[in-house]
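Trainee: I would like a close look at one part of this assembly, followed by a careful account of how the chains meet one another.

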Amino acid sequence: MEEKEIRIGVFICHCGTNIGGSVDVPAVVEYAKHLPNVVHAERNLYTCADDGLTAIKNAIKQHKLNRVIVASCTPRTHEPLFRSTCEEAGLNKYLFEFVNIREHCSWVHMKDTEGATEKTKELVRMGVARATLLEPQEEMKIDVEQSAMVIGGGIAGITAAKTLANQGFDVYLVEKEAVLGGMLRNLYRLFPTGEDSLDSLQPSIAAVEGHEKIKVFSSCELKEVKGYIGNFDVTLLREGKEVNFKVGTIIVATGAMEFEPKGHYGYGKYDHVITQMQLEKLLKDGQLKKSDSVVMIQCVGAKGEEVSYCSRICCMVAIKNAMLIKEINPDADIHILHNDIQAYGAEYEELYNKAREMGIRFIKYTPESPPCVTMDGEKLKVEVYNELFGEQFMLGTDLVVLSTPLVQHQGGVEISKLLRVPLGKDKFFFEAHVKLRPVDFATDGIFLCGTAHGPAEVAESVSQALAAASGAGIPLSRGFVQIEAISVKVDLEACIGCGFCVEMCPYQALDMVDGKLEIIEALCKGCGTCVATCPTGALEQRHYQNNQIISQIKSIFHPVIE
Amino acid sequence: MSLENIVNETKAYYCLECGKCTGSCPISRVNKGYSPRLTVEKALLGFDKELLADGGIWSCMTCNLCKDRCPSNVDYTKFIRYARAEALKTGYTGNCTHGGVLSSLMRIMGNPNLKQDRLGWVSDNLKISEKGDILYFTGCLPYFETLFKDIGVNSLDIARSTVKILNRIGIKPVVMPDERCCGHDLFWTGDLENFEKIAKLNVGLIRGTGAKKVIFSCPECYRTFKQDYSEYVDMDFELVHISEFLAEKIDEGKIDFGSLEEDVTYQDPCRLGRHLGVYDPPRKVISSIQGIGLIEMEHSRERSICCGTSTWTNCDRFSEQIQKERLKEAKAAADTLITACPKCQIHLSCAMKSKTPIDEVKIKDFSVLVASAMGLGDDP
Amino acid sequence: MVDDVLVIGGGVAGIQASIDLAGRGLKVYLVERFPSIGGKMAQLDKTFPTGDCSICILAPKMMECFSHENIDVLTHAEVKGVSGNAGDFRVKILKKPRYVDEEKCTGCGDCVSACPYINLPDEFDMALRSRGNIFIPFLQAVPRVVMVDREHCVKCGNCQVICDAGAIDLYQKPEEIEIHVGAIIVACGFDSFDPSGIKEYGYGRYKNVITALEYERLVCASGPTGGHLDRPSDKKTPNSIAFIQCVGSRDVNHNPYCSSVCCMHATKEAILAKEHYPSMENYIFYTDMRAFGKGFQEYVDRAKNEYEVRYIRSKPGEITEDKETKNPVIWYDDTVTRQVKRLEVGLVVLCTALVPSKGIKELADVLGVELDKNRFFKIADPLYAPLDSSREGILVCGYCQGPKDIPEAVTQAKGAAARAAEVLACLGA
Amino acid sequence: MKEFDPKIVAFCCNWCSYAGADLAGVSRMQYPPNVRIIKVMCSGRIDPLFVLMSFLEGADAVLVTGCHIGDCHYIDANHKTKNRFEFLKEMIAELGIGEERLRLEWISATEGEKFADMVKETVEKIKKMGPSPLSPKVMQ
Amino acid sequence: MDPKIVAFCCNWCSYAGADLAGVSRMQYPPNVRIIKVMCSGRVEPSFILRAFEVGIDGVLITGCHIGDCHYVSGNLRAEDRVKMAKELMKTLGLEEQRLRLEWISASEGEKFASVIKEFVEDLKSVGPNPLGKGEASCP
């Protein structure tokens, strides 16, 4: 529709006395009438009230307006309301301009009515200048492939796949190993309930393997992932053969592995120094022989030694295993050497109390003078300075168990490169926002859960898996993804391929493909940082175009010539 | 009972080593060498011998401050009591003050052949009876009178005032001629053998009088009867402290406490307050005296501080510091300090007499105050 | 079988669950007891470990939830009755009167300044500021609608005169609404434990002993003191602050569980104090320093090294007060040096336990679900169905399911949304 | 001649500083009416061209505002704003317009007072400095 | 009935008196066990009670005559203590005669012997210590 003539309608709001109290609204309406391209101007007591909205709709029809300006409160609360009003009247909602004359004018210049009125006039003038250059926009709708891929077949991946499939979506569950189950396969019992790890896992594995909506690809690797939200095309490598399919969303549940404490406390040097996972194996196979006296050492490699973080679950793993040993051998003498026990929440604090009740003794050591393990003839000897008691302790023991942190594994690093999603300083996957978007990646359409996000125990991994399934399920259930039309577009003639813009984008929406810029509109969040870097002006941001902003600047200083 | 059983019995294994006990303990605050936390940790970490030989376990005032505040509910007071009993068996004992005359007296009173003549203080204007429903248990007041007259404490005034008050409301209480010490200090220093003898003796004597309700003026006797006798002997009579008894009377409107123009402050005895939770009755009685001003000290009710020593053991310069501090706090509140326990009165008065100057605080017993307010005067 | 979902509780968890469900095209009813959504997170100044301004990251979500066409937000309302079962619940909701017409009120606030009786404690600002009989819940409230405290209002009519929108109706009646939903998500959050029962710490007796939530309001730029840390006794900025952990938490006599967030929010609050006032001395009294979440340990290390926060491993025995200066004095056994010490500070902040919100028992009875001994919702299968309550079709998330921080609450909210969708899909199929 | 009334252009980002300006309004904080706010989605969107154009058109001062580092809705866009601002300041100084006329301020949604104070300070300072050398009042 | 007596003799006068009785071969019944203390003032009420507690029938405290005390006022203190001890014994129901205080100078060997004889007779008439012999276990 070729725009012959620009017909702007201006609606100035009294907002009761909030604006009318310190701004001469009628004078502003009079002034607006004479601004270029303004064919209609009126004022209303409450533009956001029903009568205000109907006034706008009637004016659009009556005066065949193709631009609407409302001058009232803040767009942050009322812009969606006025945009939908314009749409209802058949006007493209991007041909609407909001001018804030309450929070930014009448309320902050209450005593200076003359100054406030002048400012209001100028603000309306800026609005008219911008409105003149507004262009209709269509919000891009991207169809979404009605299927999802879950990478990783541990408890997190299984739960996410099951939940999505139960909601009727096809799920491709990709697992590197030959069997599903991940880390829980080689654990013995789980805290806090004490259920047997593998038994409790079977029903979920069976549900996933039997589910007609889930295709399980075990012992295979991810080769390549291209595309964007709604349209990821994935290539797998299975026994040398390539498998290819398209999915709408992706969930990363690649898990983590136990840190190998080589060189710590005699691990590798003395054979009775083992890790918690090795202890679980011994317990599982019932081969725990000599265990009259056991010493467990916490935070081996964590909290600043090899990794800087606390691995959250090793205290509870240690306590659970210590209690299992006590069950087998009630007079076992067990000491846990710790640097603050992380028994957070309700169940874990209760378990920690129960452990002390069973006679398991806890000794706090200082990181500055950690325990040291030596071989004294046949028996292991652990020397530790009890910080709270203020004395050096000598513990002869049959077994030393080291609690080590969970760390990212090589598979996870590769997946992060393939999906071009970032890893944090702690090498675990880096979520979009640590507080309010914990299971989303910054890149839309890719979600995260389980120990790939960071150390977590079973219930927490399950909750994260459900959350990731929720995130992944939304675009699938809607069938399309609607992007606010404020993304960037490029004029390929003007683009010199310098690539400055690509570094600017934290969402990988820009890609330099053989010298020419390619924009994945679905990923562009509309911040406009790249536009500001483009030396040649090839890049432009819809609805916040350079000329629109410059026209606002100009109109501040001198009225736009007729 | 071995150290391990003591740990299990008192749930000391729940200790989180958080230090709140030592942070609250009035002794630890002045005596760097004593820490309830380290004492428990010794037991947990197997230092049995060192623990039993440690003189510190006898310094504990068993005032329950730490027990009430322990987030893991470790019953430290019971822990100390059991540890003392165990230490006693291995030949260790606390440093008995006054040459141990008090503990000798108690043990003597545990001897069934004893025939005491302890009613010398009952002058003819005091009406008491041999048999009856209500019995007034005087505990060790006659002996305290003899021992502590010279520091200006007349413990028997407490007994006289109590009887006068009871007489005023029409009660002729039974006062037993051969009543024995309640055995509190034996119990708390671990001499359970003598304690059992005394408990049985006393209950037998009381049953003999047919009493239905026993009134105590001493909180230590009251707690010992109420919580510790039941382990050894069952009792079929009610137990009540004089302050509770009088408070009930106020509700029944049967008593008028007269008037007294004076500002006083009240020392909550550990046994009456923290051990038994009796905080309000004494305050209710005192404040119902017209014209009186009851001003609370900084540390009062659940937070009140002990009078410095318990079971007559390990009274040392640390106890004196605590007592001095307590008297200073009392002085800041009012000129007269009301105590509801004969031992508090003795210990605090003794601290008042010490050489280093300390501002004058009049120390008066609860019953004596009430009696004088009621105009019963203190004529013998 | 009906697809709508009821979400109870308008905190960050309830908001996130509603957004996720509405995003799927499901109709959501969000019921919130307080006159505005936002919950406890709206009362925070900053959040750990990133130090984001809490309302900056919450307000967009509140707006997105409130203005979403699939979400009906019912504020100042409570669930009174639930019948039927999964897939077919009939829920009675009591919309308590605001005495203000939500449609007409624009939240301008003229009536608030017109009300002559400014003497009631402002709940949102933890009674550190007083409000009138007609008030806006808080500056960034969503919906931005005032409310009349009918109990204290003397009907002087000043507000009605000033309000041109004619929104105030002092005779507004409570409204009973019945809705028909397929699943229910409970996210009723927590309350802060009242530490006045712990007499030895003197909360309520000493002016300069405050709780952590009160501290958050004091340092918040839109709080009662505009972000200036004025201590209650003399409105001056203290030169030292002591944060005390586990007040009422890990305490068999009060709440046996660990509230999981206090070590971290104390560290954040100490860092905040140091940022605003570089000469401030900060002490944190702890028993076990629990920094187990993502980036938490590094945050604590920074607090120690960069912001010179001093961590003392001890739970204080008692707090007294210096009569003249009104400075709280902390008596504690420093378990590492094994010495009993005395520390005088300008301000004490008690990091109290966080307990299930008032009325959770009644809500549980109405919903027909069980609570565990700590009065959190009882979870039948804690490991593999952590968000399912003891009754089918009713999901729980956030703090009312157990102690957790904001990211875990948001995660569980999204998880509950997925579970609700799954339950509805399975019932529908 | 009317007393010199400086004209100030302010760029605010949609998520934090614009909300801060709103909060100043909601809390009725008074400040002089010399500022004109232009809303952009993110402080990263502010092209150096806009700042120079403002001075060219006659602005006596330009305020660039955005979210605090780490608060940015678009993760790290405000880092780029900071870099651009550094070299812009040098250019304004070299051009002789006066470094003081250009100011960068991070403002969160709760810092209404900070926004109002910033405007008041800038207006005072510019009144003392006088109009910008490029301003049309001076040019005629 | 053979009463058992404990006598506290002060090192300077009464002990010397007892010695003199021995040197002069004065005979007196063998019921007494002498404990030497430096001064009669050293004797605490607890010593007296402890003696009765373990079943001693009579306690004799001897010291220098008033004014002769090698430590000026030790014997005066002893007088007060005995008075207090007697009061306690009265309340306990123990006969007062079981406790005697005598001033015996170094030259009064004869007086020492006669006091002992007299005391044994008295105790025979009073009867044995009602608390019995050594039943009370004491640490």
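Trainee: How are helix 9 of chain B and helix 18 of chain B oriented to each other?

Mentor: Please keep in mind throughout that this is a predicted model. In chain B, the axes of helix 9 (residues 141-148) and helix 18 (residues 342-352) come within 11 Å and cross at roughly 10°. Angles under 35 degrees count as roughly parallel, and helix 9 of chain B and helix 18 of chain B are therefore roughly parallel to each other. From helix 9 of chain B, the residues L141(B), F144(B) and F148(B) take part in the contact, and they meet P342(B), K343(B) and I346(B) of helix 18 of chain B. Sorted by class, this contact of helix 9 with helix 18 in chain B holds 5 nonpolar residues, no polar ones and 1 charged residue.

Helix 2 (residues 48-57) and helix 3 (residues 77-94) of chain D have axes that come within 10 Å and cross at roughly 30°, which makes helix 2 of chain D roughly parallel to helix 3 of chain D. The crossing of helix 2 and helix 3 of chain D is right-handed. On the helix 2 side of this chain D contact are P48(D), V51(D), L52(D) and F55(D), and these meet R84(D), F87(D), L88(D), M91(D) and I92(D) of helix 3. The residues in the contact of helix 2 with helix 3 of chain D divide into 8 nonpolar, no polar and 1 charged.

Between them, chain A and chain D bury about 3,800 Å², of which 62% lies on carbon and sulfur atoms. In chain A, the residues that lose the most area to chain D are R76(A), H104(A) and F557(A), together 17% of what that side buries. There are 3 salt bridges across the interface of chain A and chain D, and E540(A) and R45(D) meet through their side chains in a salt bridge at 3.6 Å, N to O.

Other chain pairs are apart: chain C and chain E do not touch, their nearest C-alpha atoms being 34 Å apart, and no contact joins chain D and chain E, whose closest C-alpha atoms lie 73 Å apart.

Over all chains, a search of the whole structure finds 106 salt bridges. Within chain A, E97(A) forms a salt bridge with R130(A), and the closest N and O atoms of that pair are 2.5 Å apart. This pair links distant parts of the chain, as E97(A) belongs to strand 4 (residues 96-100) of chain A and R130(A) to helix 6 (residues 113-132) of chain A, 33 residues apart.

Notes. Residues are numbered from 1 along each chain as its sequence is written. Chains are lettered from A and ligands numbered from 1 in the order in which they are written. This is a predicted model: local features need pLDDT of at least 70, side-chain atom pairs count only at pLDDT 80 or more; totals for chains, interfaces and linings use all residues. Side-chain values use heavy atoms; hydrogens and water are left out. Axes are lines fitted to C-alpha atoms, for helices over the stretch in contact, and angles run from 0 to 180 degrees between N-to-C directions. Helices (H or I, at least four residues) and strands (E, at least two) are DSSP runs, numbered from the N terminus. Angles under 35 degrees count as roughly parallel, over 145 as roughly antiparallel, 65 to 115 as roughly perpendicular and the rest as oblique. A crossing is left-handed if the near helix is turned anticlockwise from the far one by less than a right angle, and right-handed if clockwise. Contact means heavy atoms within 4.5 Å. Ala, Val, Leu, Ile, Met, Phe, Trp, Tyr, Cys and Pro count as nonpolar, Asp, Glu, Lys and Arg as charged, and the others, Gly among them, as polar. Buried area is the accessible area (1.4 Å probe) that two parts lose on being put together, summed over both. A salt bridge is a side-chain nitrogen of Lys or Arg within 4 Å of a carboxyl oxygen of Asp or Glu.
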